[in-house]
Amino acid sequence: MGDLRLPDTSRSIDLHAHTTASDGQHSPSELVRRAHALGLTAIGITDHDTTAGIVEALEAGADLGIEVVPGIELSAEIEVGQCHILGYFIDPSDTALISRLRYVVEMRNSRNGRIVNKLRDEFGFEITLDEIEAIAGGDIVARPHFARALVNRGYVATMQEAFDVYLGKGGKAYVDRVRLSPEEAIGLIHGAGGVAILAHPNNLKRDAAGTETAISELVDAGLDGIEARYNRHLPEDNARYLQLAAKLGILTSGGSDYHGETVKADVQLGHVEGALPAPSDVLEEIRSKRRS
Ligand SMILES: [Zn+2]
Ligand SMILES: [Zn+2]
């Protein structure tokens, strides 16, 4: 959408956007340039599991005259799956945060290789990661591709047997994922001076009562607020989350979760509440809770 300005953006912000430092399309400086061109007064840089884009974004923001809020988006393991927790005003060079994330990402990226090694070293199976990747055919490699390889080579009779004996949880070649608990994710954000906000609360995928319980538990774990305003919310979602935040006495934030035109084509930068950004006073409340 080029450099079109949004209506009434004199005090407008977008606190959730991704750059090439994680899975976004635009470099940090290009993202900041676009936010500035829209007329936003602040942009939150919230890449997944990395602070690598923040310094470049801060420099671009200083040049252009738009506030860049240094942030991050962490994945944490909860009962029903995963939740994403945003950190705002973090120190991008915090060593505890960076070293823990480096470990988690390395373990995640090396998981497939470690499964292959187990199958080769402990059971003498002649399979390779190249072979598994060929079976995946360009998809993200997952355990069914390993199971297919074991069947193809005759080490097991069925996919089910591959899972039961080797690949399933508790199986002989099972490699656990490294996951952050909500407590740890929130603690890392707080330790880096930041404010911890639950991203896109609809992803909890629960009814109203279940959502409130889950968010209350996260607040007990230290959560500071929820992303009550979100690109994919209906107006009634926003209203419900704003009400819940008031009830729980926690902060609210607002973001588009923009990744670029080619990555999530239906999500536009600055479109937080319908086609509008979030109001800037949201940011002032978050700023007042920063720990650095
Ligand atoms: Zn997310
Ligand atoms: Zn995101």
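Helices (H or I in DSSP, at least four residues) and strands (E, at least two) are DSSP runs numbered from the N terminus. The structure is a predicted model, in which local features need pLDDT of at least 70 and side-chain atom pairs count only at pLDDT 80 or more, while totals for chains, interfaces and linings use all residues. Residues are numbered from 1 along each chain as its sequence is written, and chains are lettered from A and ligands numbered from 1 in the order in which they are written.

**View 1. The whole protein and its two domains.** By an automatic or database domain assignment, the protein divides into domain 1, made of residues 12-94 and 192-288, and domain 2, made of residues 109-167. A distance of 37 Å separates the C-alpha centres of domain 1 and domain 2. The C-alpha trace extends over about 65 × 40 × 35 Å along its principal axes, and the protein contains 10 helices and eight strands. Of its 292 residues, 40% are buried, a term that requires 20 or more other C-beta atoms within 10 Å of the residue's own; 12 or fewer make a residue exposed, anything in between makes it partly exposed, and C-beta atoms are placed from the backbone. Of the contacts in the protein with a separation of 6 or more, 70% join residues 24 or more positions apart, where contact means C-beta atoms, placed from the backbone, within 7 Å of each other.

View 2. The strands form an open sheet with mixed pairing, in the order E7-E6-E5-E4-E3-E2-E1-E8; two strands pair if DSSP finds at least two bridges between them. Strand E7 (251-255) and strand E8 (278-279) each have a single partner strand, so each stands at an edge with one side lacking a neighbour in the sheet.

View 3. Angles here run from 0 to 180 degrees between N-to-C directions, and axes are lines fitted to C-alpha atoms, for helices over the stretch in contact. Helix H1 (residues 28-38) lies across strand E1 (12-17), strand E2 (42-45) and strand E3 (67-78). Relative to E2, helix H1 runs at about 150 degrees.

**View 4. The nonpolar cores.** A nonpolar core is a set of buried Ala, Val, Leu, Ile, Met, Phe, Trp, Tyr and Cys residues joined through C-beta atoms within 7 Å. The largest core has 56 residues, of which Ile43, Ile85, Ile197 and Leu198 touch the most other members. Strand E3 gives the most to this core, contributing five residues. A second, separate core holds 13 residues, among them Val116, Ile132, Val156 and Ala173. Beyond its neighbours within four places in sequence, Ile197 of the largest core has contacts that include Leu86, Tyr88, Asp224, Gly225, Ile226, Glu227, Leu251 and Ser253.

**View 5. The loop that carries Tyr174.** Tyr174 lies in the loop between helix H6 (159-167) and helix H7 (182-191). Because it has 14 C-beta neighbours inside 10 Å, Tyr174 counts as partly exposed. Apart from residues up to four places away in sequence, Tyr174 touches Leu167, Gly168 and Lys169. Phe163 is 11 residues from Tyr174 in sequence, and their C-alpha atoms are 9.1 Å apart.

**View 6. Two loop residues with positive phi.** Asp49 is not a glycine, yet its phi is positive, at about 60 degrees. The residue belongs to the loop between E2 and helix H2 (54-64). With 19 other C-beta atoms within 10 Å, Asp49 is partly exposed. Lys205, likewise a residue other than glycine, has a positive phi near 55 degrees. Lys205 sits in the loop between E5 and helix H8 (208-220) and is exposed, with 11 other C-beta atoms within 10 Å.

Key. Two residues are in contact if their C-beta atoms, placed from the backbone, lie within 7 Å.
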